[in-house]
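Subject: Handing over a structure

Hello,

I am passing this structure on to you. Please open it first, then read my notes below.

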Amino acid sequence: MKSTTELTKATTANSEEIAIRWVFEQLATAWNTGNAKAFAELLTDDCDHVTFAGQHIKGREENQQIHYDLFTSWALKGSTMHTGPEQASIAFLSNTIAISHSTGTIQLRFQKKPPLDRLSIQTMVLIKINGQWKIRAFHNCRIQKPGLFQRLLMALKRN
């Protein structure tokens, strides 16, 4: 039987996880509605965002401007964010710091369904500021199969 302290910790962790998942939902809603301001409000003022192309966006203000440009561009206007097949993992490093791994894809307006063969993996560090979870670091990377050199090394290692 669990002690009252253990149950309280579990309940708190569960409510914190729900709060973080709400941040993820709001991030998707902001993307899906093309709202760069709402997207940026989920980030810390000093956030670091590394895109799947390797671009390093520094700070909330720069993030908002770049996402505004993306959301109004011919390429991403009307696009929607979709989560991958597995639920995002969340690990608490402290009461105010969490790390999450998730997968997802962007469906362009002319695509009939989300391109699940073009998934990206995201690593996010979230911090709790004044009772609210914010994204401090966001790293997005396209999921790829190992290249030829890597496959050769793996084959040699097996032998």
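Buried residues make up 31% of the 159 residues in the protein. Buried means under 20% relative accessible area, exposed means over 50%, and partly exposed lies in between, with a 1.4 Å probe and protein chains only. This is a predicted model: local features need pLDDT of at least 70, side-chain atom pairs count only at pLDDT 80 or more, and totals for chains, interfaces and linings use all residues. Residues are numbered from 1 along each chain as its sequence is written, and side-chain values use heavy atoms, with hydrogens and water left out.

Overall layout

The protein has four helices and seven strands. From the N terminus on, their order is α-α-β-β-α-β-β-β-β-β-α. Helices (H or I, at least four residues) and strands (E, at least two) are DSSP runs, numbered from the N terminus. Along its principal axes, the C-alpha trace spans about 55 × 50 × 30 Å. The accessible surface comes to about 10700 Å², and 57% of it belongs to carbon and sulfur atoms. Those areas come from the Shrake-Rupley method with a 1.4 Å probe; for residues, only the protein chains shown count as cover.

Contacts tell you about the fold too. Contact means heavy atoms within 4.5 Å. Take contacts between residues at least 6 apart in sequence: 51% of them join residues at least 24 apart.

The pockets

The largest pocket holds about 860 Å³ of space. The search used a 1 Å grid over the protein atoms alone; a pocket is an open set of points where a 1.4 Å probe fits, with protein on both sides within 12 Å along at least five of seven lines. Lining residues have an atom within 4 Å of a point. Grid points are joined across faces, edges and corners, and a volume is the space filled by probe spheres set on the points.

There are 37 lining residues in this pocket. W31, M81, I106, Q122 and N140 lie nearest its centre. At least two lining residues each come from α1 (4-32), α3 (60-71), β3 (80-83), β5 (97-107), β6 (120-129) and β7 (132-142). α1 gives the most, with six residues. By class, the lining has 17 nonpolar, 15 polar and five charged residues. Ala, Val, Leu, Ile, Met, Phe, Trp, Tyr, Cys and Pro count as nonpolar, Asp, Glu, Lys and Arg as charged, and the others, Gly among them, as polar.

The second largest pocket has a volume of about 210 Å³. It is lined by 14 residues, and W22, V23, Q26, L42 and Q132 are the closest to its centre. α1, α2 (36-41) and β7 each give two or more residues to this lining. The largest share, six residues, again comes from α1. The classes here are seven nonpolar, five polar and two charged.

Cysteines

How many disulfides does a search of the whole structure find? It finds zero. A disulfide is a pair of cysteine sulfur atoms within 2.5 Å. The sulfur of C47 has its closest cysteine sulfur in C141, 19 Å away, so the two are too far apart for a bond. C47 is buried, at 1% relative accessible area. C141 is partly exposed, at 35%.

Single residues worth a look

I90 lies in strand β4 (residues 89-92). I90 is buried, with a relative accessible area of 16%. E17 is 73 residues away along the chain, yet the C-alpha atoms of I90 and E17 are separated by 7.1 Å. Leaving out residues up to four places away in sequence, I90 touches E17, I20, R21, F24, A98, I99 and S100.

S102 is in strand β5. It is buried, at 13% relative accessibility.

P85 sits in the loop between β3 and β4. P85 is exposed, at 69% relative accessibility. Beyond its neighbours within four places in sequence, P85 is in contact with T103 and L119.

N130 is in the loop between β6 and β7. Its phi is near 50°, a positive value in a residue other than glycine. Most residues other than glycine have a negative phi. N130 is exposed, at 79% relative accessibility.

Best wishes
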